[in-house]
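Hi,

Here is the structure I promised to pass on.

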Amino acid sequence: MDTPASHHLTDQLDESDYTRQRIEPRPGDQFYLHLLDLRKALDDCRSQQAIQLLDFGCGGSPYRSLFPNAIYHRADYVSMPDLHFKVTTEGTIPDAAAYTYDLVLSTQVLEHVPSPQTYLSEAFRVLKPGGQLVLSTHGSFPDHGCPDDFWRWTADGLATELTRAGFTMKSIRRLTCGPRAVMFLFDQLCFSRTSGFLPRLLSALYRRLRGLTNCIAAHCLSSHAQTCGSSSGSLDICIALIATASKPDA
């Protein structure tokens, strides 16, 4: 059922700047470091081939341009323009046929679904044998209802859930790690609601320097991506993860 919150979300996803921030993130953007690292990671998955692709939990489909020749189908919980499938509250797509897609793309969706196993099993069902899932989700990202926010993941936990759903793991990487993660969280803190004169003053000063600070952080703080099992050697946290997994051949 559509609600005022879902209509507000639809309006947000329809904004042109929503896509621009994800395809061409700029240092002054709210989630710059995270979106920059996610964009770089997704570059490794882009394809010029005429594949069958399902954007599962598509939102505004900000990464559609990475697959220009794909037969691109969109599925989501909320009413969006040009949806091919409506996702049920359980996380299934009853109208999508099994063994249909070469690639299922899931970007920042898994943390918002009530039953991750139901969602992942449905992604597995609609993939062709040998098909691939590309999935990103959150590690230490701040809570954000869209409209709900249920889960956070470690690399081992995400790999366990994907394997349980039947997938064969290909790779899993942590995004925005270590000192880079600390800088991202500090940036978010400065833009959260603060009380007291000094916190508000410091926040206002930081906002004026945000673009420069983020630009320096992007170039000077490494570890924007780490493979599973590696460590920055200092602070082993990450803002997000990206996994690729495949459906075994029949």
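How far does helix 3 (residues 32-43) reach from its first C-alpha to its last? Before the reply, one caveat: this is a predicted model, so everything below is computed from predicted coordinates. Helix 3 has 12 residues and spans 16 Å, close to the 16 Å expected at 1.5 Å a residue.

That helix is also mostly covered, with 10 of its 12 residues buried. The buried ones are Y32, L33, H34, L35, L36, D37, L38, R39, A41 and L42. You'll spot charged side chains on that list, D37 and R39.

Helix 5 (residues 155-164) is worth a look too. Its buried residues are A155, L158, A159, E161 and L162. Viewed down the axis of helix 5, they fall within an arc of 160 degrees, so they line one face of the helix. Over on the other side of helix 5, D156 and R164 are exposed.

What lines it? The lining is made up of D44, C45, S47, Q49, I51, D102, L103, Q132, S171, R173 and T244. By type, these residues of the lining divide into 3 nonpolar, 5 polar and 3 charged. Strand 4 (101-107) and strand 6 (168-177) each supply at least two residues of that lining. C45, one of the lining residues, has 14% relative accessibility, so it counts as buried, the cut-off being under 20%.

On to the cysteines. How many disulfides does the structure hold? The count is 0. C238 itself counts as buried because its relative accessibility is 8%.

One last spot, in the neighbourhood of that cysteine. G178 sits in helix 6 (residues 178-190), and it counts as buried because its relative accessibility is 0%. G178 and C238 are 60 residues apart along the chain, yet their C-alpha atoms are separated by 6.6 Å.

That's what I have for now.

Cheers

Note on methods:
Residues are numbered from 1 along each chain as its sequence is written. This is a predicted model: local features need pLDDT of at least 70, side-chain atom pairs count only at pLDDT 80 or more; totals for chains, interfaces and linings use all residues. Side-chain values use heavy atoms; hydrogens and water are left out. On a 1 Å grid over the protein atoms alone, a cavity is a set of points where a 1.4 Å probe fits but cannot get out, and a pocket is an open set with protein on both sides within 12 Å along at least five of seven lines; lining residues have an atom within 4 Å of a point. Helices (H or I, at least four residues) and strands (E, at least two) are DSSP runs, numbered from the N terminus. The expected span of a helix is 1.5 Å times one less than its number of residues. Buried means under 20% relative accessible area, exposed over 50%, partly exposed in between (1.4 Å probe, protein chains only). A disulfide is a pair of cysteine sulfur atoms within 2.5 Å. The arc is that of the directions from the helix axis to the C-beta atoms.
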